[in-house]
Amino acid sequence: MYLHLGQDTVVKISEVVGIFDLETSTISKITRDYLAKAEKLGKVINVSMEMPKTFILCKDHNNKIQVYISQISSSTLRKRTNYISNIANV
């Protein structure tokens, strides 16, 4: 299964480590520092042309970390991860 993050970007759901709301999660200094370090290392991809709402932390089968910044809310992305399984349960 894949998760659409915005624009033309999709990731495998199995690679998603976490979906975080930018407004609430960046209150923490640890989170701000992590995002700043990831940005310096070139691991952040902004898939949003609008105001960013969410960052998605992904880790592939080679343990490569990638952070995506999206304009789609964390609740919408979370719902998308369960969309097919909910249909199957009907």
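Which residues make up the largest nonpolar core? The answer is given under the second heading, after a short account of the model as a whole.

## Model and overall fold

This is a predicted model, in which local features need pLDDT of at least 70 and side-chain atom pairs count only at pLDDT 80 or more, while totals for chains, interfaces and linings use all residues. Residues are numbered from 1 along each chain as its sequence is written, and side-chain values use heavy atoms, with hydrogens and water left out.

The protein contains 3 helices and 6 strands; helices (H or I, at least four residues) and strands (E, at least two) are DSSP runs, numbered from the N terminus. Along the sequence, these elements follow the pattern β-β-β-α-α-β-β-β-α. The radius of gyration is 13 Å, close to the 12 Å that the globule rule gives for 90 residues, so the protein is as compact as a globular protein of that length. This radius is taken over C-alpha atoms, and the globule rule is 2.2 Å times the number of residues to the power 0.38. Taken along the principal axes, the box filled by the C-alpha atoms is roughly 45 × 30 × 25 Å.

## Burial and the nonpolar cores

Of the 90 residues in the protein, 33% are buried. Buried means under 20% relative accessible area, exposed means over 50%, and partly exposed lies in between (1.4 Å probe, protein chains only). The protein exposes about 6,200 Å², of which carbon and sulfur atoms supply 55%; accessible areas come from the Shrake-Rupley method with a 1.4 Å probe, and for residues only the protein chains shown count as cover.

The largest nonpolar core has 10 residues, namely L3, L5, V11, V16, V47, I56, C58, Y68, I72 and L77. Strands β1 (2-6) and β5 (54-59) each supply at least two residues of this core. Apart from it lies another core, of 8 residues, including L35, V44, F55 and L57. A nonpolar core is a set of buried Ala, Val, Leu, Ile, Met, Phe, Trp, Tyr and Cys residues joined through side-chain atoms within 4.5 Å.

V16 touches L3, V11, I56, L57 and C58, not counting residues up to four places away in sequence; contact means heavy atoms within 4.5 Å. Among contacts between residues at least 6 apart in sequence, 49% join residues at least 24 apart.

## The aromatic pair

The protein has 1 aromatic pair. The rings of F20 and F55 have their centres 4.8 Å apart and their planes at 20°, so the pair is stacked. Rings of Phe, Tyr and Trp (its six-membered ring) pair if their centres lie within 6.5 Å; planes under 30 degrees apart count as stacked, over 60 as edge-to-face and the rest as tilted.

F20 belongs to strand β3 and F55 to strand β5, so the pair ties together parts that are 35 residues apart in sequence. F20 is partly exposed, at a relative accessible area of 31%, whereas F55 is buried, at 4%.

D21 lies in strand β3, which covers residues 16-21, and is partly exposed with a relative accessible area of 25%. Leaving aside residues up to four places away in sequence, D21 touches T26, K53 and S74. The side chain of D21 also reaches the backbone nitrogen of E23 at 3.1 Å. Such a polar contact is a pair of N or O atoms within 3.5 Å; within protein, one must be able to donate a hydrogen and the other to accept it, and residues adjacent in sequence count only if both atoms are side-chain atoms.

Q66 is placed in strand β6 and is buried, with a relative accessible area of 13%. A polar atom of the Q66 side chain lies 2.7 Å from the backbone oxygen of K43. Beyond residues up to four places away in sequence, Q66 touches G42, K43, V44, I45, I56, L57 and C58. The C-alpha atoms of D21 and Q66 are separated by 16 Å, the two residues being 45 apart along the chain.

## Two loop residues with positive phi

Most residues other than glycine have a negative phi. Q7, which is not a glycine, has a positive phi of about 50°. Q7 is found in the loop between β1 and β2 (9-12) and is partly exposed, with a relative accessible area of 43%.

N63 likewise is not a glycine and has a positive phi, of about 65°. N63 sits in the loop between β5 and β6 (65-70) and counts as exposed at 52% relative accessibility.
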